[in-house]
Amino acid sequence: RFLLAILAGRGGLRFSRHALEEMANDYVATVDCANVLRGGVVDPGELVKGTWRYRVRTARLCVVVTFRSESECVVVTAWRIQ
């Protein structure tokens with residue numbers, strides 16, 4: 001619910017430096033990540049280093065996000081599924 005509101009422009013979607021590096025390695029654009037976040041399957045959250053992270057995936061891409069608030073989401077990493 002929060003993610004769709006953020007993607008609709010009622011919040012901020014940011015990309016970590018690590019995410020941008022990994023995306024560049026796999027030729028994944030920010031718009032590709034946004035599309036996965038809009039229509040992908042959300043796996044149950046995982047607590048990693050004190051932060052809840054969520055994998056959102058399609059058949060071709062996986063995007064991992066965390067929420068800083070109800071209106072701010074950060075893409076932690078993303079990769080192309082081979």
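Guide: Of the contacts in the protein chain with a separation of 6 or more, 40% are between residues 24 or more positions apart; a contact means heavy atoms within 4.5 Å. The model is a predicted one, in which local features need pLDDT of at least 70 and side-chain atom pairs count only at pLDDT 80 or more, while totals for chains, interfaces and linings use all residues. Residues are numbered from 1 along each chain as its sequence is written, and side-chain values use heavy atoms, with hydrogens and water left out.

The chain has three helices and six strands, in the order α-β-α-α-β-β-β-β-β from the N terminus. Helices (H or I, at least four residues) and strands (E, at least two) are DSSP runs, numbered from the N terminus. The part to look at is strand β5, residues 61-69.

β4 and β5 run antiparallel, joined by four bridges, and a hairpin of three residues links them. In that pairing, Y54 stands opposite V65 of β5. β5 and β6 are also antiparallel, with eight bridges, and their hairpin leaves two residues between the strands. Here V64 has T77 of β6 as its bridge partner.

T66 has a relative accessible area of 3%, so it counts as buried. Buried means under 20% relative accessible area, exposed over 50%, and partly exposed in between (1.4 Å probe, protein chains only). Leaving aside residues up to four places away in sequence, T66 touches T51, W52, R53, E72, C73, V74 and V76. The T66 side chain also reaches the backbone oxygen of W52 at 2.8 Å.

H18, a residue of α2, touches both V76 and T77, not counting residues up to four places away in sequence. H18 and V76 are 58 residues apart in sequence, yet their C-alpha atoms are 6.8 Å apart in space. H18 counts as partly exposed because its relative accessibility is 40%.

In α3 (residues 30-39), C33, A34, V36 and L37 are buried. These four lie on the same side of α3, because they cover an arc of only 160° around the axis; the arc is that of the directions from the helix axis to the C-beta atoms. The buried residues of α3 pack against β5, as well as α1, β1, α2, β4 and β6. V31 and G39 are exposed on the face turned away from the buried side of α3.

In α1, the buried residues are L3, I6 and L7. Their arc is only 95° around the axis, so they share one side of α1. Their cover includes β1, α3, β5 and β6. The exposed residues L4, G9 and R10 sit on the face of α1 turned away from its buried side.

For the chain as a whole, buried residues make up 29% of the 82 residues.

Notes
Two strands pair if DSSP finds at least two bridges between them. A polar contact is a pair of N or O atoms within 3.5 Å; within protein, one must be able to donate a hydrogen and the other to accept it, and residues adjacent in sequence count only if both atoms are side-chain atoms.
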